[in-house]
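Here's a quick briefing to read with the model open beside you.

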Amino acid sequence: MKANIHPEYHEINVVMTDGTKFTTRSTWGKEGDTLNLDIDPKSHPAWTGVHRLLDSGGQLAKFNKRFSGLGLKK
């Protein structure tokens, strides 16, 4: 390996959304830093299977109104 081109690989602490903690090795931050996760496998819909549609600012209602007439006609 070439010298002085690779990032430092060290131990950091990770705090999940439910408060559980673990230690891992990473190039993020400095030795001993704590990474607080906003999304993790215990809370993200891709892993939990729980999906919600959030209608922020009426965007979902606006979409449904705009494209409601595009259904298949018999």
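What follows covers the sheet, an aromatic pair with its surface patch, and a salt bridge.

This is a predicted model, where local features need pLDDT of at least 70, side-chain atom pairs count only at pLDDT 80 or more, and totals for chains, interfaces and linings use all residues. Residues are numbered from 1 along each chain as its sequence is written, and side-chain values use heavy atoms, with hydrogens and water left out.

**The sheet**

- Three strands form an open sheet in the order β2-β1-β3, and the pairing is mixed.
- Strands here are DSSP runs of E with at least two residues, helices are runs of H or I with at least four, and both are numbered from the N terminus; two strands pair if DSSP finds at least two bridges between them.
- The edges belong to β2 (21–26) and β3 (34–36), and each has a single partner strand, so one side of each has no neighbour in the sheet.
- From one strand to the next, the twist averages 35° (axes are lines fitted to C-alpha atoms, for helices over the stretch in contact, and angles run from 0 to 180 degrees between N-to-C directions).
- β1 (residues 10–15) and β2 run antiparallel and are joined by six bridges.
- If you want a residue to look for, E11 has R25 as its bridge partner in β2.

**The aromatic pair and its patch**

- There is one aromatic pair, counting rings of Phe, Tyr and Trp (its six-membered ring) with centres within 6.5 Å; planes under 30 degrees apart are stacked, over 60 edge-to-face and the rest tilted.
- The ring centres of F63 and F67 are 4.9 Å apart with planes at 50°, so this pair is tilted.
- F63 and F67 sit four residues apart in helix α2 (residues 59–67), about one helical turn.
- F63 is partly exposed at 48% relative accessible area, and F67 is partly exposed at 35% (buried is under 20%, exposed over 50%, partly exposed in between, with a 1.4 Å probe and protein chains only).
- F63, F67 and L70 make a nonpolar surface patch of about 330 Å² (patch residues have over 30% relative accessible area and no salt bridge, with nonpolar side chains joined within 5 Å and like charges within 9 Å).

**The salt bridge**

- The structure holds one salt bridge, meaning a side-chain nitrogen of Lys or Arg within 4 Å of a carboxyl oxygen of Asp or Glu.
- D18 and K42 make it through their side chains, at 3.4 Å from N to O.
- D18 is in the loop between β1 and β2, while K42 is in the loop between β3 and α1 (45–48), so the pair ties together parts 24 residues apart in sequence.
- D18 is partly exposed, with a relative accessible area of 47%.

How values were computed:
Areas by Shrake-Rupley, 256 points an atom, 1.4 Å probe, with all protein chains shown as cover.
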